[in-house]
Amino acid sequence: MTQSTATRNTAGTDVTSADTTSTDTTSTATTSTAATSTGSPATRIAPFAPQELERLRADFPILSTEVNDRPLTYLDSGATSQKPLAVLDVERRYLLGENSAVHRGAHTLAAEATESYENARDTVARFVGADADEIVWTSGATAALNLLAYAISNASLGRGGAAATRFRVGPGDEILVTELEHHANLIPWQELAARTGATLRYVPIDDAGALELDSLPLLITDRTKIVAITHVSNVLGALTPVELFVARAHEVGALVVLDACQSAPHLSLDLHSLGVDFAAFSGHKMLAPTGIGVLYGRRELLGALPPFLTGGSMITTVTMEGAEYLPAPQRFEAGTQPVSQAIALGAAVDYLRTVGMERVAAHEERLGQRLAVGLSAIEGVRLLGPVAGEPRTGLASFAVADIHAHDLGQFLDDRGIAVRVGHHCAQPLHRRLGLTSSTRASTYLYSTEGEVDEFLAGVADAISFFGVRP
Amino acid sequence: MSTTDLQNLYQEVILDHSRRPHGFGLRPGADAHSHQLNPTCGDEITLELHRDHATDVVTSVRWEGHGCAISQASASLFSDLAEGLTTAEITTRIDSFREAMRSRGTIEPDEELFGDAVVLGGVSKYVARVKCAMLAWVAAEDALAKLAA
């Protein structure tokens with residue numbers, strides 16, 4: 001076993017291909033960026049050179065495949081990302097050489113698996129500017145947000161004792177969300193409000209999809225207990241000015257919950273400096289497998305929060321009358337843990353860190369602008385969210401009058417172009433914009449300008465194909 | 001899929017029906033109606049049947065809704081097809097249409113039974129779109145069940 005022990009301590013040793021990529025780029029990747037929370041363009045960071053991008057893409061074999069006899073143009077990374085070999089190799093190596101249940105059992109494999117599992121937690125914590133004991137593994141962001149909402153619900157019922165009274169919500173209290181939330185950061189709060197008698201309110205968006213921030217002082221008041229907002233809209237690509245929400249929420253003692261699903265994979269994220277109280281994100285959107293996600297909570301908050309799921313692995317003493325619980329994060333990880341997935345997420349984060357998140361953000365910012373500019377130039381296209389030139393991440397959604405998104409998506413699929421069509425789990429946002437569906441192209445570090453151009457040409461041709469013929 | 005397949009899926013008849021749908025717009029006095037939703041895309045339809053009690057003939061199929069070209073054309077073609085048929089004849093056609101749609105391109109709809117609606121046969125190769133084509137037919141099936149109840 002000694003031999004395998006030597007290879008497993010740092011997942012960072014597994015990203016050789018990304019290492020190669022970064023060696024010739026580090027000299028240009030030194031300027032810091034403010035992209036973390038404000039969305040300021042990372043213009044001083046050099047995007048990838050063509051050869052770098054080619055090498056990066058070689059790490060993702062699926063990108064070289066064909067769909068419908070055409071080279072795949074994958075522009076659906078906002079739904080799920082593709083996985084590099086380095087991540088798959090780490091997960092496979094773990095399953096072949098170490099696989100074991102963690103935090104139980106005294107045999108050698110169990111100890112090694114536990115160490116790898118906890119190392120991954122540490123790796124992911126550092127990646128998002130948090131400490132390891134502030135990172136709870138969940139099956140995904142949806143599970144993370146529901147965990148939090150149900151734990152708060154339990155606190156509201158008196159569970160968690162005196163320490164948990166700060167989480168209590170009930171009649172007269174308010175939970176604030178925004179009109180552009182993904183359903184995963186909306187429905188858990190609707191349900192929490194329904195269970196506790198609290199009132200759900202929301203920050204509206206305007207006709208262009210921008211948050212009406214002027215309403216914040218009126219909406220965040222002494223009654224507000226929870227403010228749950230997305231960092232980046234999964235439909236619009238717009239960045240939320242998180243600092244405004246945090247400042248106002250903390251003035252009145254409300255907790256801020258951040259949906260970081262579309263920011264953690266794409267931007268340099270520092271949760272401590274953002275000052276949010278909780279955050280959630282998914283592994284599968286950031287090069288890791290499905291079945292792993294994270295709930296971040298500030299240490300003192302997570303320490304006081306009562307559990308949601310209960311059972312094995314989260315207790316200290318159990319009698320027939322009751323149980324005492326482990327401290328966070330284990331208190332929130334009942335049952336057999338998603339070990340290989342967590343280790344793979346650690347490897348994914350190592351891969352991203354080696355490439356450099358500032359460079360990933362710069363690359364995607366360029367692609368996002370190319371999408372926005374290109375779509376705006378096509379007659380009949382209504383670009384949603386920030387206009388071209390305004391800050392947006394590497395995604396863009398749009399609608400075409402009289403052409404349904406599903407038909408457009410089918411036309412693009414015929415050319416091997418994979419995009420998302422529908423409401424993207426944001427029905428209220430679409431309804432507010434007078435739509436039932438839209439088409440979304442979303443990029444990642446491996447996407448190219450050529451792919452964006454291929455997509456734009458496809459959209460223009462689809463409009464001719466479906467357009468009313470004389 | 002090739003461009004030829006795409007043109008087969010979106011035949012001119014389908015595009016015409018989706019742009020100028022038949023039977024669109026609800027009318028008072030329906031004998032049964034059904035509202036159906038495709039939650040994956042948000043497509044919706046409300047379809048109603050007007051029936052002559054004595055003969056059991058459906059005299060009028062009216063519908064409203066929104067969705068992709070396939071779902072809109074399918075509702076339009078269904079309303080053309082079903083008008084003038086008995087409820088039993090419509091049920092036969094719905095069953096047969098479903099069978100063709102689920103066949104992954106192996107069963108062509110019978111022109112004798114379906115008339116113009118055979119153009120929807122191409123949809124069955126695209127598993128993800130079968131629900132779009134079925135939406136109006138499922139609504140009709142539900143409305144027929146209400147008539148029979």
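A residue is called buried if 20 or more other C-beta atoms, placed from the backbone, lie within 10 Å of its own. Residues are numbered from 1 along each chain as its sequence is written, and chains are lettered from A in the order in which they are written. Because the model is predicted, local features need pLDDT of at least 70 and side-chain atom pairs count only at pLDDT 80 or more, whereas totals for chains, interfaces and linings use all residues.

When residues up to four places away in sequence are left out, A:Val227 touches A:Leu176, A:Ile220, A:Phe245, A:Ala249, A:Ala254, A:Val256 and A:Val257, contact being defined by C-beta atoms, placed from the backbone, that lie within 7 Å.

A:Asp413 belongs to helix H14 (residues 405-413) of chain A, helices being DSSP runs of H or I with at least four residues, numbered from the N terminus. This residue, A:Asp413, counts as buried because it has 20 C-beta neighbours inside 10 Å. Although A:Asp413 and A:Val67 are 346 residues apart in sequence, their C-alpha atoms are 8.0 Å apart in space.

Between the chains, 15 residues of chain B are in contact with 15 residues of chain A. On the side of chain B that touches chain A, helices H1 (3-9) and H2 each supply at least two residues.

How values were computed:
Two residues are in contact if their C-beta atoms, placed from the backbone, lie within 7 Å. A residue is buried if 20 or more other C-beta atoms lie within 10 Å of its own, exposed if 12 or fewer, and partly exposed in between; C-beta atoms are placed from the backbone.
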